[in-house]
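Please look over this protein with me, one region at a time.

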Amino acid sequence: MDASAAPILVWFRRDLRVGDNPALAAAASTGRPIIPVFILDDETPGLRAAGGASRWWLHGALAALAEDLTAAGSCLILRRGAAGRVLDDLIAETGATAVHWNRLYDAGGISRDKEIKSSLKDRGIAAESFNGSLLFEPWEIKTKAGSWFKVYTRFWQACRAAGDPPPPIDTPTAMPAPGAWPESDDLEAWALLPQAPDWAAGFHDHWTPGAAGALARLEHFLSDAVDAYADDRDFPATPATSGLSPHLAWGDIGPRQVWQAAMAGAPAGAGRETFLKELVWREFAHHVTFHQPDMATVPMDAKFRDFPWEPDDDLLAVWQQGRTGYPMVDAGMRELWATGTMHNRVRMVAASFLVKHLLQPWQAGESWFWDTLVDADPASNPFNWQWVAGCGADAAPYFRIFNPTLQADKFDADGAYLRRWIPELTEGGYPDPIVDHKIARERALVAFKSLKRE
């Protein structure tokens, strides 16, 4: 086959969109045939398998991507298995001489991709990777000393000093098809959706995975909510947040698209500024995780490796099921189970309760959120748990212990959020608190002080 006419494989991963997709755009610019492919890699060692709620989202996002590619005259090929082997098979089947993808920044993804890129190049197959997931590459934002940032405020300032990130890349106007398409797996056969019981049945009422759903959410937020975002975002009964986090997690939309839309479509002010800071908080999580590859399991602050946790499966289960007797915590855990998400203010309260009131290791909470959040990604999930536990980058001090009752009084004063998720509060039957706040707080502080003495 003439090399100039040989197909290019475009390997989709956490970039499930055709707009602002650097790998796809670069392939399209060559004029050569393009074969889009998504690989469900559940075999390569070191990769973290998506949790149950994320798999639900992935099913919807892949279906939406397939529709978008079909509308553009292309096709999405689905394959399952170790990515290196699958790519080798597709190269042999199609005669492709190049593979394009957008980079991942977690340790497992980096290790796999380096090995694949080296193997492809050794065999004369061009392998090119791009930034489709971040505003800036993790090696682009540096301290004056040339190292990476561990304090968010300074990271934010450095990002702003760098200027606006590059603009989004236009959707390709043409994606030439190959002479023949390789075989594809059937999405339904992957069984990404829960069956019996269908614990995700309620997700459809809250989410529309895919690029169209992401753009609709962004447009709604910028037109209806961004002005009041700085004031309203901490109140869980108020629809004040963007709801973009799961779309960003799977790349239905890119952060550069969000940034540009906010700068163009929202008036300057506290609302827009706070929203952009939250977008850069996500960026901070990814940059730190790139430099701290064991983020999901090992505390960044070394002294926390000997913290006297008291693992208890029964206590963990009570927290998971929303039966702690603290309404703010329980409402959040029930919201999570019913919708695949939890309001950010409530996430902080629920997570703090687990690691401080119950002295359960943060890794146990991180694992539960990994399985139940539709927006779980390899950077933000462990990064935020380490932040709450006091052992991560620029973390909240461990001795800052939320009082769940006061948090409810402050951020849900009329009880609207609590009543929505805990009908027992008015109907009767709600359990007593499993721990006394004052006693639990003192116990947590003693545990922390003993750690400091060591």
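Val349 lies in helix α13, which covers residues 344-357. This is a predicted model. Is Val349 buried or exposed? Its relative accessibility is 1%, so Val349 counts as buried. The cut-off for buried is under 20%.

What does Val349 touch, once residues up to four places away in sequence are set aside? The list is Met328, Val329, Phe402, Pro404 and Gln407. Now compare sequence and space. Phe221 is 128 residues from Val349 along the sequence. From C-alpha to C-alpha, Val349 and Phe221 are 25 Å apart.

## The whole protein

The protein has 19 helices and five strands. Its C-alpha trace spans about 75 × 50 × 45 Å along the principal axes. A compact globule with 454 residues would have a radius of gyration near 22 Å. The protein has 23 Å, so the value agrees with that of such a globule.

How much of the protein is buried? Buried residues make up 56% of the 454 residues. Next, take the contacts between residues at least 6 apart in sequence. Of these, 81% join residues at least 24 apart.

## Two nonpolar cores

How many residues does the largest nonpolar core have? It has 87. Phe284, Phe307, Trp319, Met333 and Phe369 have the most contacts inside this core.

Leave aside its neighbours within four places in sequence. Trp319 is then in contact with Thr324, Val329, Met333, Ala350, Phe353, Leu354, Leu358, Gly365, Trp368, Phe369 and Trp385. Two of these names have come up already: Met333 is listed with the core residues that have the most contacts, and Val329 also touches Val349.

Helix α5 takes in residues 152-161, and helix α10 takes in residues 270-291. They pack at an angle of about 105°, and their axes are 10 Å apart. Angles of 65 to 115 degrees count as roughly perpendicular. That is why α5 is roughly perpendicular to α10.

Which residues make the contact? From α5 come Tyr152, Phe155, Trp156 and Cys159. From α10 come Glu273, Leu276, Lys277, Val280, Trp281, Glu283, Phe284 and His287. By class, this contact has eight nonpolar, one polar and three charged residues. Phe284 is also listed among the core residues with the most contacts.

Most residues other than glycine have a negative phi, and most peptide bonds are trans.

Start with Asp20. It sits in the loop between β1 (8-12) and α1 (22-29). Asp20 counts as buried because its relative accessibility is 5%.

Leu359 belongs to the loop between α13 and α14 (362-372). Leu359 has 1% relative accessibility, so it counts as buried.

Where is Pro197? Pro197 is in the loop between α5 and α6 (211-224).

Technical notes
Residues are numbered from 1 along each chain as its sequence is written. This is a predicted model: local features need pLDDT of at least 70, side-chain atom pairs count only at pLDDT 80 or more; totals for chains, interfaces and linings use all residues. Side-chain values use heavy atoms; hydrogens and water are left out. Axes are lines fitted to C-alpha atoms, for helices over the stretch in contact, and angles run from 0 to 180 degrees between N-to-C directions. Helices (H or I, at least four residues) and strands (E, at least two) are DSSP runs, numbered from the N terminus. Angles under 35 degrees count as roughly parallel, over 145 as roughly antiparallel, 65 to 115 as roughly perpendicular and the rest as oblique. Contact means heavy atoms within 4.5 Å. Ala, Val, Leu, Ile, Met, Phe, Trp, Tyr, Cys and Pro count as nonpolar, Asp, Glu, Lys and Arg as charged, and the others, Gly among them, as polar. A nonpolar core is a set of buried Ala, Val, Leu, Ile, Met, Phe, Trp, Tyr and Cys residues joined through side-chain atoms within 4.5 Å. Buried means under 20% relative accessible area, exposed over 50%, partly exposed in between (1.4 Å probe, protein chains only). The radius of gyration is taken over C-alpha atoms; the globule rule is 2.2 Å times the number of residues to the power 0.38.
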